[in-house]
Amino acid sequence: PVPSCNFFLIISILTIIIGNVIAATQSNVKRLLAYSSIGHAGFIILGIAMKSPSVNFTTWYYLLAYCLANLLTFWVLLVVSSKDNAEDISVFNGLVKRNPILAGSMALGLLSMAGIPPLGGFFAKYFVLMDVIGRGYLLIAVIAILASLIGVYYYFRIIIAMFSKNAIHSTTIEIGSFTKLLLLLVSILLLVIGIAPDFV
């Protein structure tokens, strides 16, 4: 079967590959997340290109999961970078000791974007790939999966820095109770939509 708009199918795959490859070369976390968002946009376009009966749910679910994960990661990035006046991966070294809530929230957001179960990002990619395979495009699905594995690599670079490396700055990063509460709520919601996607 051939979708009525092959252009979007081609654009989606190129977007997934290019976004993830460029993101993998970044040491600046803000740029890394920005380029990774290109890869996620490619997945959304891929789902739409399939024109399956579930395209509306698939698209909105992916947007919800990605937005929640993106909110966590950029929020933590803003807090950490404003404290240390830097955005390199090295500023996340030992973050779990400086503030475990920030490290935990960042890890959940990154794991979700990497497509690790049981977080929302896993099912977001799963639903898209099932639509692709269901339409007979196994090769396209394989390419998308392989490109996503590049994302796993660069997301885990940050996670490893947070949990297994020594901090450059030993000072504790303080955050307010309101910030703690919101980070916790977003983290829980990201987990809930992964455990129970029908909830959406």
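Colleague: Is Leu 139 buried or exposed?

Modeller: This is a predicted model in which local features need pLDDT of at least 70, side-chain atom pairs count only at pLDDT 80 or more, and totals for chains, interfaces and linings use all residues. Residues are numbered from 1 along each chain as its sequence is written, and side-chain values use heavy atoms, with hydrogens and water left out. Buried means under 20% relative accessible area, exposed over 50%, and partly exposed in between, with a 1.4 Å probe and protein chains only. Leu 139 has 63% relative accessibility, so this residue counts as exposed.

Colleague: Which helix gives the most residues to the nonpolar patch?

Modeller: Such a patch joins nonpolar side chains (Val, Leu, Ile, Met, Phe, Trp, Tyr) within 5 Å, from residues with over 30% relative accessible area and no salt bridge. Here the patch consists of Tyr 126, Met 130, Ile 133, Leu 138, Leu 139, Val 142, Ile 145, Leu 146 and Leu 149, with about 830 Å² of accessible area together (Shrake-Rupley method, 1.4 Å probe, only the protein chains shown counting as cover). Helices are DSSP runs (H or I, at least four residues) numbered from the N terminus, and H6 and H7 each supply at least two residues of the patch. The most, 6 residues, come from H7.

Colleague: How much space lies in the largest pocket?

Modeller: On a 1 Å grid over the protein atoms alone, a pocket is an open set of points with protein on both sides within 12 Å along at least five of seven lines, while a cavity is a set where a 1.4 Å probe fits but cannot get out; lining residues have an atom within 4 Å of a point. Grid points are joined across faces, edges and corners, and a volume is the space filled by probe spheres set on the points. By that rule the largest pocket holds about 190 Å³.

Colleague: Which elements give two or more residues to the lining of the largest pocket?

Modeller: The lining has 13 residues, and Gly 115, Lys 125, Leu 129, Ile 145 and Ser 148 lie nearest the centre of the pocket. By class, there are 10 nonpolar, 2 polar and 1 charged residues (Ala, Val, Leu, Ile, Met, Phe, Trp, Tyr, Cys and Pro count as nonpolar, Asp, Glu, Lys and Arg as charged, and the others, Gly among them, as polar). The elements with two or more lining residues are helix H6 (120–134) and helix H7 (138–164).

Colleague: Which element gives the most to the lining of the largest cavity?

Modeller: There are 2 cavities of 30 Å³ or more, and the largest has about 60 Å³ of space. Its lining of 13 residues has Asn 20, His 40, Met 113, Lys 125 and Ser 148 nearest the centre. Two or more lining residues come from each of helix H2 (29–50), helix H5 (100–114) and H7. The most, 5 residues, come from H7.

Colleague: How many charged residues line the second largest cavity?

Modeller: This cavity has about 50 Å³ of space and is lined by His 40, Tyr 62, Ala 65, Tyr 66, Ala 69, Ser 112, Met 113, Gly 121 and Ala 124. H3 supplies the largest share, 4 residues. The classes are 6 nonpolar, 3 polar and, for charged residues, none.

Colleague: Why does the pair of Lys 30 and Glu 87 tie parts of the chain together?

Modeller: A salt bridge is a side-chain nitrogen of Lys or Arg within 4 Å of a carboxyl oxygen of Asp or Glu, and the closest N and O atoms of Lys 30 and Glu 87 are 3.0 Å apart. Lys 30 is partly exposed at 36%, and Glu 87 is partly exposed at 24%. Lys 30 lies in helix H2 and Glu 87 in the loop between H3 and helix H4 (95–98), so the pair joins parts whose separation in sequence is 57 residues.

Colleague: Are Arg 98 and Asp 84 buried or exposed?

Modeller: Their side chains meet in a salt bridge with an N to O distance of 2.8 Å. Arg 98 is in helix H4 and Asp 84 in helix H3, 14 residues apart. Both residues are buried.

Colleague: How far apart in space are Ser 52 and Gly 134?

Modeller: Ser 52 sits in the loop between H2 and H3 and is buried at 7% relative accessible area. Ser 52 and Gly 134 are 82 residues apart in sequence, and their C-alpha to C-alpha distance is 8.9 Å.

Note on methods. Patch = residues over 30% accessible without salt bridge, like charges linked within 9 Å, V, L, I, M, F, W, Y side chains within 5 Å.
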